[in-house]
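Subject: The structure, and what turned up in it

Hi,

Here is the structure I promised to pass on. Have a look at it first, and then read on for what I found.

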Amino acid sequence: MNLLFIGDVVGGVGSHYVEKVLPALKREFAIDVTVINGENSAQGNGITRHSADQLLYAGADLLTTGNHAFRRRDSVSIFEQENILRPANYPAGCIGHGVSVIDLGKCRVAVVNLMGTVYLEALDNPYSVMDALLEEIDTPNILVDFHAEATAEKKAMGYYLAGKVTALVGTHTHVQTADEEIIDGHTGYITDVGMTGPARSVLGVAVQPAVDKQRFHFPVQFTEADSPCMLNAVVISFDPASGRCTNIQRINRKE
């Protein structure tokens, strides 16, 4: 079985690029299930019903998010859908859910969305939350999107979940790392999948405002960069009987 995970999609430009290239990618890698991090997919940040629908119609089976999940207050209701996740370690009572199981007929794949707490919001402990979820999930095929700022936190979680999940992929920092591996012969891992959006940008936004913000330290209005796009992703191959990752391959495509 082959699972495609596409890194943080940025704005309308990134979403349109997914629409353009996803069908061919799925054919090229014989993809069985597609998961996309869509927390920045809306024009101007966050995720909206329009941007979520755009990615789902393009071919995603499920969307994950992160610290910008609730940035667009008018779209909070989208998290009532089974195929749109917010981090599982938001406090009890928060709208939405952090895990969903995709039934592919010949196997079931659980997708867990977690958020780190180093340099981000002080959510519930992701380790404790994950321990509880592992007691409830009844399939060995488990993908974790760990949306975190600190690389050390992602690496530690990868080792903690080695042998317990099929793969852990890091998101949030928008820069693809070159450390993909299979930990302990079982769990696929990469510190950050990267982003999908304008290639000539600062994490997806126009270069000049980002430079001005850092150079002069005054407020600026970030805008979406207008440049040819890139797509960062990973293909995770796994044995559905055991949940063991057999291969993890980085993808970096540019227009």
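One definition before we start: contact here means that heavy atoms lie within 4.5 Å. Please also keep in mind that this is a predicted model.

With that cut-off in hand, let me begin with Leu120, which sits in the loop between strand S6 (108-115) and helix H3 (126-136). Is Leu120 buried or exposed? Its relative accessible area is 19%, and buried means under 20%, so Leu120 counts as buried. Leaving aside neighbours within four places in sequence, Leu120 is in contact with Asn67, Met115, His147, Ala148, Glu149 and His172. Asn67 is 53 residues away from Leu120 in sequence, yet the two C-alpha atoms are 7.7 Å apart in space.

Val118 belongs to the loop between S6 and H3 as well. Val118 is partly exposed, with a relative accessible area of 31%. Neighbours within four places aside, the residues in contact with Val118 are Glu149, Ala150 and Glu153. Between the C-alpha atoms of Val118 and Ala152, which are 34 residues apart along the chain, the separation is 9.4 Å.

Now to the interior. In soluble globular proteins, nonpolar side chains tend to be buried together. The largest nonpolar core in this model has 33 residues, and Leu4, Ile6, Ile36, Leu63, Leu231 and Ile251 are those with the most contacts inside it. At least two residues of this core come from each of strand S1 (2-6), helix H1 (11-28), helix H2 (49-58) and strand S12 (229-239). H1 supplies the largest share, five residues. Another core, of 21 residues, lies apart from the largest one, and Leu3, Val33, Ile102 and Ile190 are among its members.

How do H1 and H2 sit against each other? Their axes are 9 Å apart and the helices pack at an angle of about 10 degrees, which makes H1 roughly parallel to H2. On the H1 side the contact is made by Ser15, His16, Val18, Glu19 and Leu22, and on the H2 side by Gln54, Leu55 and Ala58. Sorted by type, the residues of this contact are four nonpolar, three polar and one charged.

After H2 comes Gly59, with a positive phi near 135 degrees.

Last, helix H5 (residues 207-216), where Pro209, Ala210 and Asp212 are buried. Why do these buried residues line one face of the helix? Seen down the axis of H5, they fall within an arc of 160 degrees, so they share one face. Gln214 and Arg215 are exposed, on the face of H5 turned away from the buried side. H5 is followed by His217, whose phi is positive, near 60 degrees.

Happy browsing, and write back whenever you like.

Best wishes

Note on methods. Residues are numbered from 1 along each chain as its sequence is written. This is a predicted model: local features need pLDDT of at least 70, side-chain atom pairs count only at pLDDT 80 or more; totals for chains, interfaces and linings use all residues. Side-chain values use heavy atoms; hydrogens and water are left out. Buried means under 20% relative accessible area, exposed over 50%, partly exposed in between (1.4 Å probe, protein chains only). Helices (H or I, at least four residues) and strands (E, at least two) are DSSP runs, numbered from the N terminus. The arc is that of the directions from the helix axis to the C-beta atoms. A nonpolar core is a set of buried Ala, Val, Leu, Ile, Met, Phe, Trp, Tyr and Cys residues joined through side-chain atoms within 4.5 Å. Axes are lines fitted to C-alpha atoms, for helices over the stretch in contact, and angles run from 0 to 180 degrees between N-to-C directions. Angles under 35 degrees count as roughly parallel, over 145 as roughly antiparallel, 65 to 115 as roughly perpendicular and the rest as oblique. Ala, Val, Leu, Ile, Met, Phe, Trp, Tyr, Cys and Pro count as nonpolar, Asp, Glu, Lys and Arg as charged, and the others, Gly among them, as polar.
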